Amino acid sequence: MKAVGFTEFGGPEVLQTFELPVPDAGPGGVRIRVSAATVNAVDALQRSGPARSPDARPPFVPGMEAAGVVDQIGAGTDTDLRVGDRVMAFVLADGSRGAYAEQVVVPAESVVRAPHGVSDAEAATLPMNGLTARLALDTLGLKAGQTVAVTGAAGAVGGYAVQLAKADGLRVVADASEQDETLVKELGADIVLRRGAEYPGRVRTEVPEGVDGLLDGASLGALTARAVRDGGRVVTLRGYDGPGERGIVYQPIVVFRYAREHAKLDRLRQQAEDGRIILRVARTFPAEQAAEAHRLLAAGGVRGRLVLTF
Ligand SMILES: NC(=O)c1ccc[n+]([C@@H]2O[C@H](COP(=O)([O-])OP(=O)(O)OC[C@H]3O[C@@H](n4cnc5c(N)ncnc54)[C@H](OP(=O)(O)O)[C@@H]3O)[C@@H](O)[C@H]2O)c1
């Protein structure tokens with residue numbers, strides 16, 4: 001099978017196409033004939049090195065989410081899926097066998113039917129980034145009627161977080177650049193304030209007591225505290241863990257924790273089908289052009305996900 005990966009760490013140019021053995025689904029596994037795999041920041045981090053897992057062997061194949069069709073179900077696998085079903089999956093790669101491949105094997109808990117009425121490219125944008133937003137909101141643990149601030153709201157995780165927070169009944173104060181203001185309003189944010197280092201102060205002006213929780217998709221780190229009420233909580237996505245002030249707790253999350261949260265992934269499917277979550281694709285690339293997609297991602301300003309097609 002064709003896969004895209006690298007044998008040495010470096011810039012986008014290290015990405016190449018390889019011919020690799022077709023993996024076997026094995027007990028508990030589902031093999032997917034991948035048609036779409038998204039390009040995420042973590043793929044670029046993996047590509048730049050160093051290796052994260054001592055067990056990973058080159059060629060390293062990145063990719064944490066995919067959509068396609070079930071083409072093999074392992075013996076004894078507990079699933080209601082059948083060969084031929086359209087699916088989307090969270091791919092927890094150990095660094096060596098990710099979603100940038102014609103075929104990928106995932107545990108049955110990491111794969112659900114793809115939402116009806118969307119393309120495979122759109123479906124592929126949901127599992128990893130949607131579960132990250134879900135985990136972030138679950139970690140904040142807010143109740144309907146409480147207020148959450150979201151930075152990086154025009155991005156993939158931030159955008160899903162705004163939509164899921166609204167579906168949870170929260171009041172959402174999101175950030176946006178001037179160009180992204182309409183987009184972020186359309187995602188459902190109640191209040192949209194200009195992004196950047198001054199955003200936390202702007203939040204405090206709008207919400208004088210401070211927000212109950214904040215999801216820091218733009219990695220503003222310590223700057224976020226100003227927006228948050230005493231004893232509030234901030235979820236961070238790149239490991240920032242404080243120190244907090246006024247009892248504010250910084251809580252880094254890692255989406256791996258939700259890799260096998262089948263019911264949560266299936267709920268995301270339902271929410272996409274119900275139109276509560278909009279799936280955004282910036283552009284698709286034939287898999288052979290993965291390096292170009294990585295360059296575009298590094299340049300910033302991409303709205304919606306870049307997707308490789310196989
Ligand atoms: N912990 C985990 O498990 C996990 C899982 C998924 C993602 N992540 C991390 O979460 C972060 C968000 O991921 P993503 O896929 O949503 O990225 P994304 O789609 O690129 O979104 C990030 C957004 O933040 C904006 N931004 C950048 N700098 C900013 C600033 N100073 N102020 C306000 N906004 C700013 C970006 O705008 P521009 O494009 O204009 O720069 C973009 O709209 C990344 O750091 C990613 O690595 C972590």
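With 11 C-beta neighbours inside 10 Å, Arg-246 counts as exposed (buried means 20 or more other C-beta atoms within 10 Å of a residue's own, exposed 12 or fewer, partly exposed in between, with C-beta atoms placed from the backbone). This is a predicted model, in which local features need pLDDT of at least 70 and side-chain atom pairs count only at pLDDT 80 or more, while totals for chains, interfaces and linings use all residues. Residues are numbered from 1 along each chain as its sequence is written. The ligand lies between domain 1 and domain 2, because both give residues to the shell around it.

**Domains**

- Domain 1 covers 2-126 + 279-309, and domain 2 covers 129-256. These bounds come from an automatic or database domain assignment.
- The centres of the two domains, taken over C-alpha atoms, are 28 Å apart.
- Seven residues of domain 1 and eight residues of domain 2 make the contact. Contact between two residues means that their C-beta atoms, placed from the backbone, lie within 7 Å.
- On the domain 1 side, the residues touching domain 2 are three nonpolar, one polar and three charged. Nonpolar covers Ala, Val, Leu, Ile, Met, Phe, Trp, Tyr, Cys and Pro; charged covers Asp, Glu, Lys and Arg; the others, Gly among them, are polar.

**Ligand shell**

- The ligand is surrounded by 25 residues. A residue is near the molecule if its C-beta atom, placed from the backbone, lies within 6 Å of it.
- The closest are Gly-152, Gly-155, Ala-218, Leu-237 and Val-255.
- Elements giving two or more residues to this shell are α1 (41-48), α3 (127-140) and α4 (156-167). Helices (H or I, at least four residues) and strands (E, at least two) are DSSP runs, numbered from the N terminus.
- The largest share, three residues, comes from α4.
- The shell holds 10 nonpolar, 12 polar and three charged residues.

**Helix α4**

- The 12 residues of α4 should span 16 Å at 1.5 Å a residue; the end C-alpha atoms are 17 Å apart, which agrees. The expected span is 1.5 Å times one less than the number of residues.
- Of the 12 residues of α4, 10 are buried, so the helix is largely enclosed by the rest of the structure.
- The buried residues include Ala-156, Val-157, Tyr-160, Val-162, Gln-163 and Leu-164.
- Buried residues of α4 pack against α3, β8 (147-151), β9 (171-176), α5 (181-186), β11 (211-216) and β15 (305-309).
- Gly-169 follows α4 and has a positive phi, near 85°.

**Strand pairing**

- Strands β3 (residues 29-39) and β4 (residues 65-73) pair in the antiparallel sense over seven bridges. Pairing requires at least two DSSP bridges between the strands.
- Ala-36 has Ala-67 in β4 as its bridge partner.
- β4 also runs antiparallel to β5 (residues 86-90), joined to it by five bridges.
- Gly-68 stands opposite Val-87 in β5.

**Val-235 in β12**

- Val-235 lies in strand β12.
- Val-235 is buried, with 28 other C-beta atoms within 10 Å.
- Leaving out residues up to four places away in sequence, Val-235 touches Ala-136, Thr-139, Leu-140, Leu-215, Asp-216, Gln-251 and Ile-253.
- Val-235 and Gly-301 are 66 residues apart in sequence, and their C-alpha atoms are 23 Å apart.

**Backbone points to check in the viewer**

- Gly-49 and Pro-50 are joined by a cis peptide bond, with omega about 0°. Pro-50 lies in the loop between α1 and β4.
- Gly-242 and Pro-243 are also joined by a cis peptide bond, with omega about 15°. Pro-243 is in the loop between β12 (228-236) and β13 (249-252).
- Arg-246 is not a glycine, yet its phi is positive, about 50°. Arg-246 lies in the loop between β12 and β13.
- Ser-219 has a positive phi, near 55°, and is a residue other than glycine. Ser-219 sits in the loop between β11 and β12.
- Ser-219 is partly exposed, with 14 other C-beta atoms within 10 Å.
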